[in-house]
Amino acid sequence: MSAQQAARAPAPTTELSRDLGLFDITMVGVAAMIGAGIFVLTGIAAGVAGPALIVAFALNGVVTLLTAMVYAELGSAIPEAGGGYLWVRQGLPGGNAFMAGWMSWFAHAVAGSLYALGFAAYLAETLHLIGIGTFGVPQAIFTKAIAVAIALVFIYINFRGASETGMAGNIVTMGKIAIIGVFVVSGIAVILGEPERLEEAFRDFAPKGLTGIFAAMGLTYIAYEGYEVIVQTGEEVRDPRRNVPKAVFLALLIVVPIYILVAFVCIGAVQTPDGSPTWQWLGEHQELGLLRAAEQFMPLGSILLLVGALFSTMSALNATTYSSTRVSFAMGRDRNLPDLFGAVHPRTRTPYLALALSGALIIGLVVFIPQIHDVAAAADIMFLLLFMQVNVAVITIRRKYGDKLAYGYLTPFFPYVPIVAIVLQLALALVLFKVSALAWFVILGWLGSGLLIYHFYASRRELEEEVTPVLVEERLRVDREGFSVLVPVANPNTVDNLLGVADAILETQPGQLVLLHVITVPDQLPVSVGRDFVNDVRPVMDDTARKAEALEMTPNALIRVGHRPADAIIDTVREHRCNFVVMGWRGQSSDPRTVVGSNIDRIVKDSNANVVVVRGDVELPARRILVPVQHPRHGHLMAGLAAPMAVAEGAYIELLHVVGEDLTPHERAARAAELKQAISSLDRPPADADADGRRKQRFRIRIATGEVVPTIVEHSREFDLLMMGASRESWIRRKVWGDKTFRIANSVDCPLMLVNLRTGRLQFNVSQFFQFFWDTEEEMPG
Amino acid sequence: MSLKDLHQAGVLLPRDEWGVHDLHTSVNKPMLLAAMALGLTSVVLMYVGGGGTLTFIAGGLFIGFMAWITHISIKAVNVQAAQFAEEREHFREEHSIAQPVTEADVVETEDTNTASAAGPPETPAE
């Protein structure tokens with residue numbers, strides 16, 4: 001019946017090699033930004049915004065600068081593979097981290113597949129231009145096959161390692177910038193030769209007004225997301241505290257003007273064959289708009305532009321393959337995805353399995369990808385949602401850990417910069433619904449699947465990762481779904497007291513008893529040290545289990561080891577889904593930061609169980625129990641708990657409701673009636689009822705007037721046990737009526753039982769969510 | 001989602017340096033405000049210009065804004081690094097730390113002798 005579990009050995013850490021310098025990561029960012037954004041989306045966006053596309057690109061530059069500052073701050077302080085996903089994990093509670101990673105992984109993968117398809121389309125165009133064609137293969141299949149092939153090539157390049165990736169990326173990016181440079185210079189030369197052309201092209205500047213500009217901003221927002229790719233490299237960068245923030249700003253400095261100039265030249269230098277407005281003509285050519293523009297004014301326009309497009313899509317594919325791999329690698333390492341995602345190849349030191357699986361996702365999307373602007377909008381929305389999360393996370397990270405991190409850059413006007421960024425990004429994401437409703441539906445579908453995976457897989461893995469190790473577990477009956485009462489055993493002298501209370505609770509509802517002893521190891525030592533002390537605590541546990549069996553309870557005994565007892569108790573409540581925790585209390589802590597005591601405070605705050613805290617020697621069954629009731633509706637719960645503790649002959653429970661003196665007799669009577677109604681289902685005839693069926697009164701109701709604290713203290717003198725309830729808030733926030741609870745507790749002499757009743761699951765989760773933002777991180781790393 | 005994660009990632013400052021470093025930005029705020037004002041004004045003028053000369057002048061200004069704000073930000077990174085080093089040096093001088101403790105020095109040990117030396121385990125306080 002006994003099973004001994006060894007404390008989990010710490011997992012070996014995996015590290016990536018630091019090969020990349022400032023130039024490398026700036027080029028990685030530029031490569032990610034100058035890809036489909038310029039070659040594919042310029043034509044489409046021109047059709048949406050008109051000549052005011054240049055305003056859309058500029059305004060996007062301003063909006064993106066705000067988030068870039070946040071990325072510079074976090075990328076310098078927490079330079080790890082994972083980027084935004086990692087920071088959301090640090091800065092936001094619950095499933096936010098998983099969802100951030102899940103969105104980021106998909107966003108980068110879908111962007112990668114877009115670039116692979118873009119490359120294939122441009123290559124097919126090139127082959128067509130030089131008269132080779134598609135070798136008789138249908139165009140659609142030929143394009144898909146090329147896209148898959150180029151995706152495989154870049155998966156292999158990424159497998160070779162960061163330095164090779166950086167080198168390949170740098171060459172491709174430099175070539176691409178050179179071609180775009182020729183494109184811009186040629187266009188400007190044409191404009192300078194015929195200035196009147198410019199006036200004509202820009203005459204109807206914003207044909208769709210501000211709406212068109214905002215829609216184009218949303219559609220092309222993905223173009224500037226390269227800083228997300230830069231920070232993904234953080235773990236492989238030399239001196240990341242300086243280089244990462246610099247690269248973020250340098251990349252934007254290179255890219256934003258390029259976008260504006262390309263849009264300016266596209267619209268200003270083109271003369272449409274049919275005399276229609278240039279922006280309209282570009283919009284009609286969609287992703288090939290830029291190519292058609294280059295054919296008009298650029299020397300060797302088609303060829304150079306095709307080469308540039310091929311370079312661009314290749315480098316963007318390289319960058320997105322890299323970043324989607326790093327996100328999934330980080331998720332695997334954090335146990336949000338299966339462990340295989342976190343594996344690093346021993347020779348190349350690259351996350352080869354994460355790469356293979358990300359590659360499979362990219363290829364899968366290549367094969368099944370829908371229309372291009374829907375995909376772009378979907379990727380935009382995902383990045384916007386991710387950036388919004390990061391903008392929230394930067395605030396909590398600064399608040400919780402700011403003084404413990406080495407920042408290379410600190411966002412100015414904090415926290416207003418991230419707050420403004422959140423508002424603007426939310427607005428852009430909503431505008432995209434107008435551009436592509438389908439994209440929003442795809443996003444919602446992906447998010448929904450992510451939530452399911454988190455609920456059924458990742459959250460459980462997280463819990464497994466975080467729990468304190470169980471050294472010994474003796475089960476007489478295992479039923480984790482049924483009713484259970486947890487009794488942490490710390491002091492052998494108080495065990496009888498606690499077991500008595502647990503027995504009374506189990507009288508109300510049959511279930512099992514969970515006995516827990518926590519071996520507490522100092523912070524300086526690893527928890528594995530606790531194994532040496534198991535034999536010392538076993539006799540206490542065996543003795544407690546025997547006492548429980550004598551009371552006809554079915555104990556399940558656990559010995560855990562951890563740095564803090566509260567963590568072990570909370571883990572046990574979660575694992576066994578305990579309904580009650582019964583704990584001893586020596587009296588109010590002298591620490592002003594605590595309410596009851598540091599351990600009990602944490603257990604009340606972080607475990608959704610009813611917590612019963614016992615002070616003094618409670619003799620059960622008790623004869624006279626006083627239960628002050630704050631409101632008649634609380635009477636049922638408290639009386640239900642007290643009922644099995646007052647089963648002796650002549651025993652009674654008095655429900656005391658203290659009201660103000662201003663209440664009229666009629667109102668007092670109404671309160672009494674309400675209280676009586678609340679406990680009516682509990683007030684059954686006890687076993688010792690008279691033979692004639694006349695009920696002996698077990699519950700008494702008293703409505704007293706006066707000050708709450710002195711009235712209760714005065715009444716308590718006549719009772720064997722004072723049982724007081726408290727709302728969760730009052731335990732945490734002394735300033736609410738919890739003050740009264742502890743003033744009473746400090747004034748009474750009789751044994752005392754404080755009961756904190758648990759809330760609904762939803763309310764608990766919401767409360768935990770907000771508590772996360774409220775709390776500062778004071779704990780020491782174990 | 002904890003200090004432990006940051007500790008494992010090796011990005012935490014040594015414990016004795018917690019709270020030592022200033023969390024105020026090293027970005028030159030007046031300059032940044034001026035640059036942002038230029039950037040936003042240039043965007044507005046691009047739109048107001050309606051595709052005329054003003055639009056293109058404003059476009060040029062916007063590119064100037066990008067260069068200016070990049071300069072301000074990169075300068076802030078350099079200032080931040082110098083300030084950080086200065087704060088660290090000052091802190092060590094104040095505390096006469098000859099050999100700084102780094103994250104690499106904080107290693108967990110399985111040495112049971114150390115455990116014994118630390119005494120028996122604690123029991124929960126409550």
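Modeller: Gladly! Bear in mind that this is a predicted model.

Colleague: Nice starting point. How many residues does helix α2 of chain B have?

Modeller: The helix covers residues 29-48 of chain B. From its first C-alpha to its last it reaches 28 Å, close to the 28 Å expected at 1.5 Å a residue. That goes with a length of 20 residues.

Colleague: Why do the buried residues of α2(B) line one face of the helix?

Modeller: The buried residues in α2(B) are B:Leu32, B:Ala35, B:Gly39, B:Ser42, B:Val43, B:Met46 and B:Tyr47. An α-helix has 3.6 residues a turn, so residues three or four places apart point the same way. Turned away from that buried side are the exposed residues B:Pro30, B:Leu33 and B:Ala37. Seen down the axis of α2(B), the buried residues line one face because they fall within an arc of 140 degrees.

Colleague: And which helices do the buried residues of α2(B) pack against?

Modeller: One partner belongs to chain B itself and another to chain A. The helices are α3 (53-95) of chain B and α4 of chain A.

Colleague: Staying with chain B, what pattern does it follow along the sequence?

Modeller: Chain B has four helices and zero strands. Buried residues make up 26% of its 126 residues. Read along the sequence, the pattern is α-α-α-α.

Colleague: Now the interface. Which helix gives the most to the side of chain A that touches chain B?

Modeller: In all, 68 residues of chain A are in contact with 55 residues of chain B. Elements that each supply at least two residues to the chain A side include α4 (53-77), α12 (240-268) and β4 (512-520). By class, that side has 43 nonpolar, 13 polar and 12 charged residues. With 11 residues, the helix that gives the most is α12(A).

Colleague: Over to the inside of chain A: how many of the 34 residues of α6(A) are buried?

Modeller: Helix α6 takes in residues 96-129 of chain A and reaches 49 Å from its first C-alpha to its last, close to the 50 Å expected. A:Gly131 follows α6(A) with a positive phi, near 80 degrees. The helix is largely enclosed by the rest of the structure, because its buried residues number 28.

Colleague: Last one: at roughly what angle do the axes of α10 and α18 of chain A cross?

Modeller: Residues of α10(A), including A:Phe214 and A:Leu219, meet residues of α18(A), among them A:Leu428 and A:Val435. By class, the contact has eight nonpolar, one polar and one charged residues. The two helices are roughly perpendicular to each other. Their axes come within 8 Å and cross at roughly 100 degrees.

Conventions. Residues are numbered from 1 along each chain as its sequence is written. Chains are lettered from A and ligands numbered from 1 in the order in which they are written. This is a predicted model: local features need pLDDT of at least 70, side-chain atom pairs count only at pLDDT 80 or more; totals for chains, interfaces and linings use all residues. Two residues are in contact if their C-beta atoms, placed from the backbone, lie within 7 Å. Ala, Val, Leu, Ile, Met, Phe, Trp, Tyr, Cys and Pro count as nonpolar, Asp, Glu, Lys and Arg as charged, and the others, Gly among them, as polar. Axes are lines fitted to C-alpha atoms, for helices over the stretch in contact, and angles run from 0 to 180 degrees between N-to-C directions. Angles under 35 degrees count as roughly parallel, over 145 as roughly antiparallel, 65 to 115 as roughly perpendicular and the rest as oblique. The expected span of a helix is 1.5 Å times one less than its number of residues. A residue is buried if 20 or more other C-beta atoms lie within 10 Å of its own, exposed if 12 or fewer, and partly exposed in between; C-beta atoms are placed from the backbone. The arc is that of the directions from the helix axis to the C-beta atoms.
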